[in-house]
Amino acid sequence: MQNLRVILLAVIVVTAVVGASGTAAGAQSVGAEFEYSEGEKLSPDFSGQEPIQTASGNTCEFPLNITDTTGTEITLDEQPDRITTTNPSAAQTLWEIGAQDRVVGVTKFAGYLNGTDSKANVSAEFGVSIEKVVATDPDLVLAPNASAGQVADLRAQNLTVYHFPAATDIDDIAAKTERTGRLVGNCEAATDINNEMNQTVENVENQTAELDRPDTLYPLGGGYVAGDNTFINEIMQIGGTTNVAASEADGYPQLSDEVILKTDPEIILVTDTEGAILDKEPYASTTAGADDNYVIMNKSYLNQPAPRSVIESTETLAAAVEDLQADKTEDTTDSNGTCGFPLTVTDATGTEITLDEQPDRITTTNPSAAQTLWEIGAQDRVVGVSKFAGYLNGTDSKANVSAEFGVSIEKVVATDPDLVLAPNASAGQVADLRAQNLTVYHFPAATDIDDIAAKTERTGRLVGNCEAATDINNEMNQTVENVENQTSDLDRPDALYPLGGGYVAGDNTFINEIMQIGGTTNVAASEADGYPQLSDEVILQTNPELMLVTDSEASILERQPYASTSAGKNNNYVVLNNNYLNQPAPRSVIESTKTLANGVEDLQSEDDRDDTSGTDGSGGSSSDENDRDDTSGTGGSGDSSSSDEDDRNDENEQDEMAVDENETAVDENETAVDENETAVDANETAVDENETAVDANETAVDENETTVVENQTATDTPSKENTTSTELNSTSNEEDDKTGTSNDVANQETEQDAGLSNTTDEGTESEVPGFGIVVTVLVILGFAYLSPRE
């Protein structure tokens, strides 16, 4: 009995100490969202919620208690391995932060993301199917701004659901991304993409700071437009325009023809390549309609509040604003007469050609020339392109001049061109084209940035778009400088770009230049110039740490000898867009170097985490670059892992042989074609989606009967008109994120808990204040009971 009293006395002391510390650690209010270590600053407020910090402390650990916008507290005992999303903006964010492998369910509107064909489609006719979501057996359901009714229905199935509020500006999106990273345990990656987004916003605002801000409108069809307090209005402001509908109403109002004519926009934002809505009234009678001024925006990005959407949409819009300003001031001949006609120049073959006037009909025999013409705003004068330029907006209306190999002389002649641009095509084809009395300018091979800048400048001069060529060269050079600064303090991983069959990109190639700028060391550069075929032994000897691939699955890493390299063992790869990587042109440099630099940063971050925490830092460093590439096209890609390898092989024609003998490259190309077909299918179904687009805005339907009636009216408008952007609602179910006037949004904001989490610095659940005191009292009573018995 004496021993028992001693034990009880010890329990009293220990419990008192634990109780005191529990009270201190748990002094933060219960039921709020994120923990933070003492001394850390909290991120900017997210509609009453404090986003998680990842800079210090163990703030990205589990278990996690968190309160969402409905005021519901959810608990995640461990990092979720099965995640389902009910809106595409959440899916896009998960892809950006590298959590796509744990996603098991997405909506049909997320189909543009790489790899979604292997995920369950949880869409219903309207919104999502509860049964389909349940069938994915998720650990976590992310429901960005979905209707409260569906969230309640999902929770009724015992699912863990986190419900986001509407995101209408950059701060909202940054906070939503940070929150998503915290929920799935990818905090650092969420911080990285937020930093990229914020840097892009700063760059774009600087880019347009000195330009006039054109009046702009984004019509959804049926008179509906994007107004104030919307994500799209934020994009329009950052991109250098003034949204004329912002002064009319918040959210997505329906404006009369008279009001639209009164606002008289100078630019119309559209999501179809033809800008068909400008042919209809009242838009045809606006300044934008009269001057045919429109900007084609990628519907997935424009309609989904997520970081990549901000990056791509603002860059696209800012570039268009620059072009409009240039068009206002540019004459065919500038003040010095340096961009005028007639023009006599000598090309790479030593042939002198003469252009008596600015060419109105231009045919290109390689996609890099086409990409350059698109960048300098000359696409409307292009009449023929090769099949590998199919990823560019509007090429479906151009003649396809490709043959089985190279181009068809007959097809080129049939386009009746004033000028044929032949970048690094074979000399034989140039001679054959000239034999048909065609004016052909033949470019030399472009293997570095200076070559590309010179080729772009010459292209601008040939077609009379000198200033635009200078602008895109300046953007390219600035990007190169930014990327080199970004990677200057990082280790340079050994990297390899395999074409398959042992062929690789070696020294003195455009791809080698991209690899160097992007912060890597090309291990094949020391082996040979051009595109050599290396033996398995040599590839194993070079032992690259990072593999550059153009298919999202990086299937080549599963094959020998690549599987036995450091990159293969650690599954380290960067997915690059095959059109950009294989076409020496300014946009290719811009996108490929940025993607690769981000991949190098990710790899270094994973290595640093391995060094400090011992966790597995391997995994593909895919930046989902296919998403960003949609700004220059409707999605998908061309055919080829060497689509412009003709461009890369003036002095070495091995590429055609490499492609022919290269099963991997062919497989990748077939994948690219499949992706392109998917993109086309997505565009073909756009009209069908438009018919349900406004009804799909669940918040408006649930909360606002008047909007339902109006939305039905918009749905009844001609499908072609809706093509411009009624997909706003359907493409994402997201502009649920667009319900700026909805009572639901207001309620969400007021229901959120602004307190801090009851967790310790270690991220574990804290003691309830007073627990130690209660236990102490109980032990004392036991002690008192034992005393009389003794």
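I take helix axes as lines fitted to C-alpha atoms over the stretch in contact, with angles running from 0 to 180 degrees between N-to-C directions. The model I examined is predicted.

**Entry 1: a helix pair**

I looked up how helix α5 (residues 170-184) packs on helix α6 (residues 187-208), and found an angle of about 165 degrees with the axes 7 Å apart. Angles over 145 degrees count as roughly antiparallel, so α5 is roughly antiparallel to α6. I noted the crossing of α5 and α6 as right-handed.

I then listed the residues that meet. From α5 these are I170, I173, A174, T177, E178, G181 and R182. Their counterparts in α6 are C187, A190, I193, N194, M197, N198 and V201. Sorted by class, the contact of α5 with α6 holds 8 nonpolar, 4 polar and 2 charged residues.

**Entry 2: the sheet of 5 strands**

I traced an open sheet of 5 strands in the order β18-β17-β16-β19-β20, and its pairing is parallel. Which strands stand at the edges? I found β18 (399-400) and β20 (440-443) there, each pairing on one side only.

Within this sheet I checked β16 (residues 362-364) against β17 (residues 382-385): they pair in the parallel sense over 2 bridges. I362 stands opposite V382 in β17.

I also asked what helix α15 (residues 449-463) lies across. The helix covers β16, β19 (419-423) and β20, and it runs at about 170 degrees to β20.

**Entry 3: the sheet of 4 strands**

I followed a further open sheet, of 4 strands, in the order β11-β8-β12-β13, again with parallel pairing. Its edges are β11 (242-243) and β13 (294-296); each has a single partner strand, so one side of each lacks a neighbour in the sheet.

I examined β8 (residues 215-217) and β12 (residues 267-270), which pair in the parallel sense over 2 bridges. For T216, I recorded I267 in β12 as the bridge partner.

**Entry 4: backbone exceptions**

I kept in mind that most residues other than glycine have a negative phi, and that most peptide bonds are trans.

I looked up two cis peptide bonds. The bond from F341 to P342 is cis, with omega near 5 degrees. P342 sits in the loop between α11 (307-329) and β14 (343-346). The bond from Q560 to P561 is likewise cis, with omega near 5 degrees. I placed P561 in the loop between β25 (546-549) and α19 (566-570).

D292, although not a glycine, has a positive phi of about 55 degrees. I located D292 in the loop between α9 (287-291) and β13, an edge strand of the sheet of 4 strands.

N508 is not a glycine either, and its phi is positive at about 55 degrees. I found N508 in the loop between β23 (503-504) and α17 (510-517). With a relative accessible area of 45%, N508 is partly exposed.

**Entry 5: the chain as a whole**

How many helices and strands does the chain have? I recorded 31 helices and 26 strands. Of the 790 residues in the chain, 58% are buried. I also noted that, among contacts with a separation of 6 or more, 67% come from residues 24 or more positions apart.

Notes: Residues are numbered from 1 along each chain as its sequence is written. This is a predicted model: local features need pLDDT of at least 70, side-chain atom pairs count only at pLDDT 80 or more; totals for chains, interfaces and linings use all residues. Side-chain values use heavy atoms; hydrogens and water are left out. Two strands pair if DSSP finds at least two bridges between them. Contact means heavy atoms within 4.5 Å. Angles under 35 degrees count as roughly parallel, over 145 as roughly antiparallel, 65 to 115 as roughly perpendicular and the rest as oblique. A crossing is left-handed if the near helix is turned anticlockwise from the far one by less than a right angle, and right-handed if clockwise. Ala, Val, Leu, Ile, Met, Phe, Trp, Tyr, Cys and Pro count as nonpolar, Asp, Glu, Lys and Arg as charged, and the others, Gly among them, as polar. Buried means under 20% relative accessible area, exposed over 50%, partly exposed in between (1.4 Å probe, protein chains only).
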